Each structure stands twice: as structure tokens, then as C-alpha cells.
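The sequence and structure follow.

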Amino acid sequence: MSSDALSDTELANQTSGWIREVVSVWRGRYGKSSRQVQDKAAKSLSVLLPPMQVEAFVRRSDRAPVEASLLVLRRHPALPDLDIRVSMVDDDGARNPDSGGSTVYRQRLEDFWRNMVSNWTAGRAPDAHTPYLRTGKLASDQPIPLLVWTVPGRLCEINVEEFVEEAFKGAVRTRPTPPRSRPSPTEQHIYDLGMDREASATSRWLDLSGHRLFAEFGFGIPWWCGINLARADLFQEGMDGDVDIMAGPLQWDLTEEEWRERIDAQARRCSLTTARSNVIDYAVLRAAAEGKIKWPPDLGFLVACEVKASRFQPEDGIWRSTHTGEGIRVKGQLQLLLDRGIDNVAFLHLGATKPKEGPAINPYLQAAGDAADAEDQFPRVYNPPSLPLSGYFTSTLGAVDFALENESGAGGVIRVLQDCRPNPVGPQPWRAKLSEHLTKLPQPTVPCFFILPCPRCGAWRPVTRPFAVVCPSCSQQPTE
């Protein structure tokens, strides 16, 4: 990005000139293209055909050498072709008095620009300008077609010929649609499963929404999560059953200053337009890979869930396998977790819809609609206030017929019917036993991971996704 100090008037004039040159070059290229290319280009960039008007906003600041532009392109038949207005926007807002009525676009530009500023650090080399657009949705169903372009950097420094060439490539490029394939015969939707329904629903849902669950418990990345850990391994020998979900937060072995340095270093590896959340995610992954998670973890705060899974048939609007006759048993399982001194406990009731087969206008909208209908009718296993310390959560997965629920579909959002309350029972000796188990596991190199027992020997093993496989030692043994 240029460091030369241009006045608002100079930059506005240069911006206007750049827009006119782009339109001229684009129309020339359009006129020389084949009919097939013209048809595709017109559909994707139809606003560059006359009559075309542009409202441009240029955001810059004296505090950081970062600029961005947003162009609103319209085709209003009653207005002249190439009617171009440019508004310079600084830290006090748009300076031009004729920029009223465009608050939504200024805010969109502001969000884009601030993301770039967040990634900028002193001494950073300017990003290489690449001729690409971040486009908004073409409102072709509106009386006046409209398109929004958001462009990083100073427009007049972008090569017009390259910019138009890239625009045409994007217009005519075809992207193959991956074929939809049904799950293999050994992979069934949750709705069709029998004895394995609860375990599969738990694994598939956690694969999608584990972060949502732990956010409800008050902690975020990094975390660990044990699935179906035997009570005998957790609490005391001789106990039957298992704990469906037990989890806790992890801590970083980094100071706040070290984190800031890492995030700044990661930002310098990315373009200024990289979403700030992605920059932070990359820094988190790098820190975990470098062994910066404290291990073994502090077990001062633990959470646990009892999970049940039900299924919904959209055609008749009926829930099946509802567990509504198991309320006393479920409450007893939750009370056991509370009695053991787990800090937060919740009941998690998962549901999955039966996928509709055959063609659909949009299978994802169909799945989302089915999930919403199911959620509105989700039966209660017990009355939540009757166990006031336990949270009560529900979540429904809308299935599509060509993939499993954790691969494609809709839903998975948590509905909180009752929040968790702090458990007054203090920590108990079994936490030391849990710490011994975890100490034997290798230090994690990912920020979020699951601990599963081997289905053969019961040994704990860390995995990045919550799907059971036998441990390495058992895998070498022949099956009976």
C-alpha cells in the first residue's frame, strides 16, 4: 500500500478514473468475446453494461497505512451511464456531504478495513496486490440490479488489465460439483441405527458441535473431552456403566505477551484480508503443535453430560425412541455425577431426523426445516426444574440422504432449557486417579481432542475426532 500522502480530492479523482478505466477495458473485452463467454460474463458482472452507476467509498486513516475500497454498482435505467460518486471515509466517517443513506455500506467497509488493521503490524511489508474481488450478492430479483465489490488496498494501484482478466476468468470458470454418494451399507443414518444409536449420535454431534457444548459450560479452546469413560476407571473399581461425556478446559503455557507476539507473527504470515478469527485459529494450532499446552491438565473444573438420542420422522411429525419413560433413571444418573462432585452437570438430549430421499430443490433447506420442526416438538424426558442443579440441553441434527450427519446436513445448535448451576459438593479423591490416567497420555499437540477407551481392552487413547478405533497394541492381536 502506497505511503504517499494524497489529498482526499486527489485520491477521489484517481479512484474515479480507475473505475472508468476498468469499465472501458471490461466492455472492450466483453465486445470481443464469444457469445458463450458474453452470456456467462453478463450474468456474473451484468452491472458493467450500460447504464451503470457507481457509489464508491475509500477508507483510510492517519493511524495505519491501510486502505480499502467498497464499490456499490447499480444499473438504474433512469440515471446516466458512468455516474460515479466517491466518498472518502476517515476515522470521523464519510467526509463528503452527499454520502447520506449509505450507512450499511460504510459499516461493511469499516468492518473489512478494521480486520485489515488488526492484521497490520509496524514494519510490515505491503501486501502484493492481486486482481480479485470480494463480491456481494447480485440482487437480480430487485428492480435495480446491484452488486457490491470490496477491494483491499488502493484501487488506482491495481493493474486494470490484470483486474479485468481475473474478473473474466472468474465469470467463465466452471467449478465441478462433487457427486453426491449415499453412505455405504455399513454406515447408517442415526435414524436407522438400533443399539448403536446413542454412541453414534454422541460422536457425530460432538464432531460438529463440541465447541458449542463447552461454550455453554463456560470455557472455550483448548479443551479435552472423554467419551464413554468407565465409571470404574473414573470413580472406583466395581462401579458399573460409564460417563457419556466428561470434559474440562486446558491451559496454555504462554504469557499474554507471548500470545500477542505469536498472533502478530501469524498475521504477518497471512494477507491483511485474512479473517482475524482465522489468524487466531492458525496461531492456536501452531502453539498446540509446538507443545504449548500444559500437561497434565488442571482438573479444578470438570463437566459431565448424560446423553440420550431420539429420532424424528418428518412425514408424520412423530418422535421415536423418546426415552420419556426413563426420566427417573436419567435423573439418577445425573445425580450420581453431582454426588461425585463434578462441577457442572447437564442432560444432553440429541435428536436426528429421518432423511428424505429423492430430489429436492435444496436438500439443506429441507434438512434445516425438518430439524426445526423436530426441535419444536422435542419431548421432555423429565421436568428440568425437578433437578435444579443439572442443565438440560437439546439439539437436533437434520439429515440429508446422501451423507452422514457429521458430514453434511443442518442443525446441531444447542437449545438450553435449563442452565447448569454450580455444584456445591467439593472435589473428591477420584480426581487424583483421573490425573494419573491423563498423565500417562502423551502431551496434546492439538488444541481440542477426545479421549476414548479402546473397545477391546478399555485403555484410554487420545484422538482428534471422536470415533472409536482399537488401540495400537490391540490392533496387532487377531480377532476371536
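## Backbone and aromatic features

In this predicted model, His-323 is buried, because its relative accessible area is 16% and the cut-off for buried is under 20%. His-323 is found in the loop between β10 and α9. Although His-323 is not a glycine, its phi is positive, at about 65 degrees. Ser-321 lies in the loop between β10 (318–320) and α9 (327–339). The phi of Ser-321 is also positive, near 55 degrees, but Ser-321 is partly exposed, with 29% relative accessibility.

Most residues other than glycine have a negative phi, and most peptide bonds are trans.

Pro-51 is placed in the loop between α2 (35–45) and β1 (53–59), and Pro-222 in the loop between α5 (197–216) and β7 (223–230).

The model contains 17 aromatic pairs. In one of them, the ring centres of Phe-235 and Trp-430 are 4.9 Å apart and the planes meet at 85 degrees, so the pair is edge-to-face. This pair links distant parts of the chain, 195 residues apart: Phe-235 is in the loop between α6 (231–234) and β8 (242–249), and Trp-430 is in helix α11 (residues 430–439). Phe-235 and Trp-430 are both buried. Arg-340 lies over the face of Phe-235, 5.7 Å from the ring centre.

Elsewhere, the charged end of Arg-59 sits over the ring of Trp-113, at 3.7 Å from its centre. One aromatic cluster is formed by Phe-214, Phe-219, Trp-223, Phe-301 and Phe-450.

Methods. Residues are numbered from 1 along each chain as its sequence is written. This is a predicted model: local features need pLDDT of at least 70, side-chain atom pairs count only at pLDDT 80 or more; totals for chains, interfaces and linings use all residues. Side-chain values use heavy atoms; hydrogens and water are left out. Rings of Phe, Tyr and Trp (its six-membered ring) pair if their centres lie within 6.5 Å; planes under 30 degrees apart count as stacked, over 60 as edge-to-face and the rest as tilted. Helices (H or I, at least four residues) and strands (E, at least two) are DSSP runs, numbered from the N terminus. Buried means under 20% relative accessible area, exposed over 50%, partly exposed in between (1.4 Å probe, protein chains only). A charge sits over a ring if NZ of Lys or CZ of Arg is within 6 Å of the ring centre and within 35 degrees of the ring normal.
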